[in-house]
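The points below are grouped by topic and may be followed alongside the structure.

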Amino acid sequence: MRFKFRSRTTIFIHDLAMVAVAWFGAYWLRFNLDVIPDRFQQDIEKDILYVVAIQGVVFWFLGLYRGVWRFSSMPDLIRITKAVLLGIGLIALSFFLYNRLDGVPRAVLPLYGFLLLLLLSVPRFFYRYWKENILMERAGKRALIIGAGSAGEMLARDLLGEVNSGYVPVAFVDDDRHKRKREVRGIRVVGEIERLPVFVKKLDIEVVLIAIPSATDSQMRRIIEICELCEVPFQTLPSVKDVLSGRISRGNLRDVSIEDILGREPIHLDWRLIAENLNGKSIMVTGGGGSIGSELCKQLTRVNPARLVIFDQSEFNLYKIDAELKALHPEIKLRAVLGDVADRLSVRRVIQELKPDVIFHAAAYKHVPLLENQVREAVHNNVIGTKTVAEEAMMAGIERFVLISTDKAVNPTNVMGATKRAAEILCQNLNSRDGTRFMTVRFGNVLDSAGSVVPLFRAQIKAGGPVTVTHPDITRYFMTIPEACQLIMQAEVAGKGGEVFVLDMGEPIKIAYLAEQMIRLSGKRVGDDIEIKYVGLRPGEKLHEELFHEHEQLRSTGYEKLLLANARLYDEIQWKTQIEKLVQACRQDNDTEILRILQNLVPEYRADVPGYQTKEEILAPDLVPANLANL
């Protein structure tokens, strides 16, 4: 039979041997570590088996073998103490009943208890220390943990408890002064985060682990910038919203992503109200195969809709989101419909057949430089497409229509922004009629959306560079796709009709800073390994985007990160006339006339900002820029 040192049988035999050693040692201490007189030596030999038997029964009865040595802790010490005290009591009682404790000196029993407590607890805790420290030194990289809070403590405990974790936690750093020079799980908090490079070099650290899930975006940026100075790999735990449902462990560790730097505090949505508002409804998402539309469809599955209609003109995107949702949510009724939002017959057929209660209109062309040279297509899809879906929604008596807009609609300097602003005004005017409630949600760039700057930079870095940025000072607002989609649903709940909701995008981020961070996160050095090349502003491009017009006074909605713009009203009759002229110009394929009418439709559409070219230059086919960065 093969015994393992950590098996119950082996540990039980060990404990029984310690009982015998403690009983003998008690007599030896009683006689001042000298020779034990023969009379007492005979009593020891006669009583030893009886003592071992009583104590062994107590050990087993009190569950000393339920725990594992390598995880020995205070509850185990308490259990051992109870077993020793109960054993002494039973031994003393039985000897008293047998022979009035004749031959057992008074000092023997307390000495026995003291020795047995040491002999049982010390080996257990030493074994744990040995497994967690001595062995671990040969089993993983020397790690320094940033954050000595509850997350850091849980991470350290998990790493110490697993021989094959791959990491050996050596030290903590934390900005909390009360934690300095203290120990967490036997690991010293050596100082503040600012001195991280010093500690990395001094302690021969091989990897830095960030264990601050509650860090804000600015705090995370600071930590990442300090980590980059250390020239060793670093990983992080996910944000609070990602670890709330499970325990923190080495399995949660992952490489730092750009979302960790640009991400923001978790949103606290009123999911109960969202679910009550959308549960059991038939919902249609136009552009449902795109970045925003597909994520919106995924979020909508959480509210258990009666039916989810996904409408998109891209066959591949439609197939992809349809297959994904069917695999994840087979219980949801899905209809994937291939069609163009500007095709009235296609839109009318799907609305009349499937009768959605709510439409989220996410379908739009969004690529600024491409659309500058293709005016008709931009207007046809973004304005006439919105007009078509909105009018068909009204005719079918649909309850609510949510237009998803962009910050480029504010004081637009490009065709894309002007078309989205025209779509906003269209929905505001249509809302003045009875029936369908129209509302608009406006926000800036979303990370990793199709055609956005993040995947472009990632591809350029993978190719070895250069990373192209249009201007050193250009900034953009950023938001994660899930956050944007959740706030869109919150706006649908909050809207009464006619509103323009603005999402709180936080502080704008410099595109150059974004490029630098992505290069560093890929393990490369800016300038040495990957060059950043400034290529100049493109037609219609602003240095800084705006989320609201100067006459749109923002107000609180009572919902976190969701603001309400004081929307400007336009003369409906005059505006309707201009829209009809725009439709006619699109039919005649006259870009010059389309641009002129678009300027009348959107008075704030300006061409007097840096980087914006004349209409003649915009329409020149040889001016399409090769660089597609900084959308």
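Asn304 is partly exposed, with a relative accessible area of 45%. In this predicted model, Asn304 belongs to the loop between H11 and strand S9 (307–312). The phi of Asn304 is positive, about 55°, although Asn304 is not a glycine.

**Further backbone features**

- Most residues other than glycine have a negative phi, and most peptide bonds are trans.
- Asn411 is another non-glycine residue with a positive phi, in this case near 45°.
- Asn411 is placed in the loop between S12 and helix H16 (415–431).
- Asn411 has a relative accessible area of 12% and is therefore buried, the cut-off for that class being under 20%.
- A cis peptide bond, with omega near 0°, leads from Gly465 to Pro466.
- Pro466 is located in the loop between helix H17 (453–462) and strand S15 (467–469).

**The chain as a whole**

- The protein chain contains 22 helices and 22 strands.
- Of the 631 residues in the protein chain, 52% are buried.
- Among contacts in the protein chain with a separation of 6 or more, 77% are between residues 24 or more positions apart.

- Strand S11 comprises residues 358–361 and is covered on both faces.
- Val358 and Phe360 are buried on one side of S11, and Ile359 and His361 are buried on the other.
- Strand S8 (residues 282–286) runs parallel to S11 and is joined to S11 by four bridges.
- Strand S12 (residues 400–406) is likewise parallel to S11, with four bridges between the two strands.
- Ile359 of S11 stands opposite Met284, and in S12 the bridge partner of Ile359 is Phe401.

- Helix H11 spans residues 291–300, and nine of its 10 residues are buried.
- The buried residues of H11 include Ser291, Ile292, Glu295, Leu296, Gln299 and Leu300.
- Two packed helices are described by the angle between their axes and the distance between the axes.
- For H11 and helix H18 (residues 481–494), the axes cross at roughly 65° and come within 9 Å.
- The crossing of H11 and H18 is right-handed.
- From H11, the contact is made by Ser291, Ile292, Glu295, Leu296, Gln299 and Leu300, and from H18 by Ile481, Pro482, Cys485, Gln486, Ile488 and Met489.
- By class, the contact of H11 with H18 consists of eight nonpolar residues, three polar residues and one charged residue.

**Helices H7 and H19**

- Helix H7 (residues 217–230) packs with helix H19 (residues 511–521) at an angle of about 50°, and their axes are 11 Å apart.
- Because of that angle, H7 is oblique to H19.
- The crossing in which H7 passes H19 is left-handed.
- Arg221, Ile224, Glu225 and Glu228 of H7 meet Tyr513, Gln517, Arg520 and Leu521 of H19.
- Four charged, three nonpolar and one polar residue make up the contact of H7 with H19.

How values were computed:
Residues numbered from 1 in each chain as written. Predicted model: local features only at pLDDT ≥ 70, side-chain atom pairs only at ≥ 80, totals over all residues. Heavy atoms only, no water. Buried < 20%, exposed > 50% of the residue type's maximum accessible area, 1.4 Å probe, protein only. Pairing = 2+ DSSP bridges. Axes fitted to C-alpha atoms, helices over the stretch in contact; angles between N-to-C directions. Parallel < 35°, antiparallel > 145°, perpendicular 65-115°, else oblique. Left-handed = near helix turned anticlockwise from the far one by under 90°. Contact = heavy atoms within 4.5 Å. Nonpolar A, V, L, I, M, F, W, Y, C, P; charged D, E, K, R; others polar.
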